[in-house]
Amino acid sequence: MSQSSVSNHPHSTFLYGPSGAGKSHVGKLLAENLRLPFVDLDDEIEARSGKTIPEIFDAEGESGFRNRERQTLGAILAPGEKIIALGGGALTNPENRKLAETYDTVVLLNAPVDTLLERLQSDISKRPLLSGKAEKNLAHLLSTRKEHYASFPLQVNTGGKAPKTVAWDIQKRLGMFHVRGMATEQHPGYDVRVRSGGLDHLGEMLKARHLRGPIAVVTDENVGEQYLARVMETLTNSGFETRGVTIPAGEAYKTLDTVSKLWETFLSAKIERSSTVVALGGGVIGDLAGFAAGTFLRGVPWVAMPTSLLAMVDASLGGKTGADLPQGKNLIGAFHPPRLVLADPEVLETLPEAEFLSGMAEVVKHGMIADPFLLNLENFASRSQEAPHEDLQGLNKMISRAMAVKIHIIEEDPYEKGFRAALNFGHTVGHGVELASRFRMRHGEAVAIGMVAETQMAERIGVARARLSDRLVAVLKQLGLPTEIPPALDRNAIAVAMQRDKKKADGIVRFALPTKVGEVQVGVEVDDWETMIVKP
């Protein structure tokens with residue numbers, strides 16, 4: 001069942017699989033990472049019955065235990081997200097399986113038999129179905145449940161992996177994160193969710209996070225025409241007083257004048273410090289609405305609902321907000337993290353092809369700096385130029401993995417004091433290209449050009465492996481993205497814009513340069529970079 005078909009359910013995540021697969025250990029780490037409650041179904045059964053699992057088997061047999069299992073599972077599915085570890089046979093009961101899959105996602109954990117046996121040595125006595133000849137009984141259980149386990153589409157092999165690695169792997173597969181990098185005592189972090197159909201459940205997701213109204217939904221003319229009414233409906237149905245705010249579309253309106261108009265609208269909408277601002281749109285809307293929220297009444301909570309691929313995988317994450325000046329991009333801004341980032345891949349169905357490809361530049365960037373998997377475009381059927389949005393499952397996978405790269409980096413360096421500068425790869429030159437084009441060139445197109453120019457620069461000074469730029473150019477060309485500065489563009493203007501870039505420190509332009517696929521070096525000073533840009 002797709003997530004979009006489930007209404008008013010808590011979206012619990014179930015870990016399932018044979019004994020010894022690591023469900024409890026991984027589940028606790030996953031719940032800690034996501035700041036969610038953890039429930040071990042077997043522990044819950046013991047707590048409710050006052051008996052151990054072996055005692056229940058002795059007194060009631062397996063059928064009696066399964067009956068208790070079914071009753072307990074139904075009882076623990078109260079409202080609110082949680083991580084639930086299930087016993088190795090819990091979903092052999094069709095009713096249990098239907099209940100679990102209705103409430104959200106089942107992740108099947110597995111491992112080689114030798115690994116399972118090794119992990120089980122310390123508590124075989126607590127597992128009635130394995131008592132006696134453990135190896136023989138485990139082999140029998142795995143054989144009889146082979147087709148059953150194989151029927152679950154989302155599977156993770158835990159063999160030879162640390163539990164924390166498995167937990168992070170599951171988060172990337174599910175598109176579920178909790179960002180703590182800018183956490184304070186009052187605001188312990190924010191959730192990030194990739195959820196198909198999430199747009200229609202925004203209201204209940206805000207209520208689950210104790211966000212309050214009145215709500216101002218900030219969007220632009222293009223996105224508003226498509227989705228504002230639906231968002232207003234889900235918020236109204238959840239009991240929120242809501243006001244829609246529509247501004248002109250485009251980077252040209254990412255100005256202080258627009259921010260001032262947003263402040264005026266917040267006043268008329270009676271937005272209070274406990275109210276909520278929702279940014280419904282691409283990166284420009286997220287930057288503007290987040291900045292307006294962060295500076296209105298010294299800080300109002302806000303929620304990012306990105307509607308472009310670029311915003312989903314990059315701009316909506318990290319808490320950066322701001323506006324442009326005529327002299328450069330994002331020269332005004334503040335760190336003001338959202339309370340929730342909700343990415344609904346279904347909205348990309350209406351995204352123009354050129355905008356989709358612009359977002360793919362950021363996906364490629366994340367592949368270059370940390371995740372080579374993202375450069376293997378055949379992994380994502382949704383990337384096809386003929387029908388880029390056809391495969392929703394592929395989109396979810398790509399968005400989640402690309403998000404994971406940025407989230408991992410901003411968790412390590414939330415305020416851009418060190419390695420977070422890796423995310424600037426392609427942007428130092430790219431922002432110069434974008435400004436010199438007077439924003440006629442899309443952000444992703446400029447970043448694609450910037451990545452190639454900076455990789456070639458890295459090769460010239462001996463930082464990067466030879467022919468690394470060839471690999472990058474091949475990927476970008478396969479996507480249909482530009483790889484060279486257009487001849488008509490003033491290269492001197494690009495160099496001037498780079499000198500004004502906000503990433504400059506101590507009067508020096510420093511670069512984030514790749515050394516190989518999946519690795520980048522930050523803070524690199526290039527003595528003759530102006531010549532390389534102006535006279536390549």
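Residues are numbered from 1 along each chain as its sequence is written, and side-chain values use heavy atoms, with hydrogens and water left out. In this predicted model, local features need pLDDT of at least 70 and side-chain atom pairs count only at pLDDT 80 or more, while totals for chains, interfaces and linings use all residues.

Helices (H or I, at least four residues) and strands (E, at least two) are DSSP runs, numbered from the N terminus. Two strands are taken to pair if DSSP finds at least two bridges between them. Strands of a sheet pair through backbone hydrogen bonds, either parallel or antiparallel. In the model, seven strands form an open sheet with mixed pairing, in the order 6-7-14-11-10-8-9. The edges are held by strand 6 (176-179) and strand 9 (242-247); each has a single partner strand, so one side of each is left without a neighbour in the sheet. From one strand to the next, the twist averages 15°. Angles run from 0 to 180 degrees between N-to-C directions, and axes are lines fitted to C-alpha atoms, for helices over the stretch in contact.

Helix 15 (residues 392-412) lies across strand 6, strand 7 and strand 14, and runs at about 20° to strand 6. Strand 7 (residues 190-194) is paired with strand 14 (residues 340-343) in the parallel sense, over four bridges. Within this pair, V192 has V341 of strand 14 as its bridge partner.

Strand 10 is joined to strand 8 by four bridges, and the two run parallel. Here V218 stands opposite A279 of strand 10. Strand 10 also runs parallel to strand 11, to which five bridges join it; G281 stands opposite P306 in strand 11. Burial was assigned from relative accessible area (buried under 20%, exposed over 50%, partly exposed in between; 1.4 Å probe, protein chains only). Six of the six residues of strand 10 are buried, so this strand is largely enclosed by the rest of the structure. T276, V278 and L280 point one way from the strand, and V277, A279 and G281 point the other way.

Grid points are joined across faces, edges and corners, and a volume is the space filled by probe spheres set on the points. Four cavities of 30 Å³ or more are present. Strand 11 provides the largest share, three residues. By class, the lining has six nonpolar, five polar and no charged residues (Ala, Val, Leu, Ile, Met, Phe, Trp, Tyr, Cys and Pro count as nonpolar, Asp, Glu, Lys and Arg as charged, and the others, Gly among them, as polar).

E434 belongs to helix 16 (residues 427-436) and is buried, with a relative accessible area of 2%. Not counting residues up to four places away in sequence, E434 touches E251, K329, F439, M441, H443 and A446. V475, in helix 18 (residues 468-479), counts as buried at 6% relative accessibility. V475 and L375 are 100 residues apart in sequence, yet 7.0 Å apart in space, C-alpha to C-alpha.

The peptide bond from G213 to P214 is cis, with omega near -5°; P214 is in the loop between helix 9 (202-208) and strand 8. R35, a residue other than glycine, has a positive phi, near 55°. R35 lies in the loop between helix 1 (23-34) and strand 2 (38-40) and is partly exposed, at 49% relative accessibility. Phi of K270 is also positive, near 60°. K270 is in the loop between helix 11 and strand 10 and counts as exposed, at 63% relative accessibility.

Methods:
Contact = heavy atoms within 4.5 Å. 1 Å grid on protein atoms, 1.4 Å probe; cavity = no way out; pocket = protein on both sides within 12 Å on 5 of 7 lines; lining within 4 Å.
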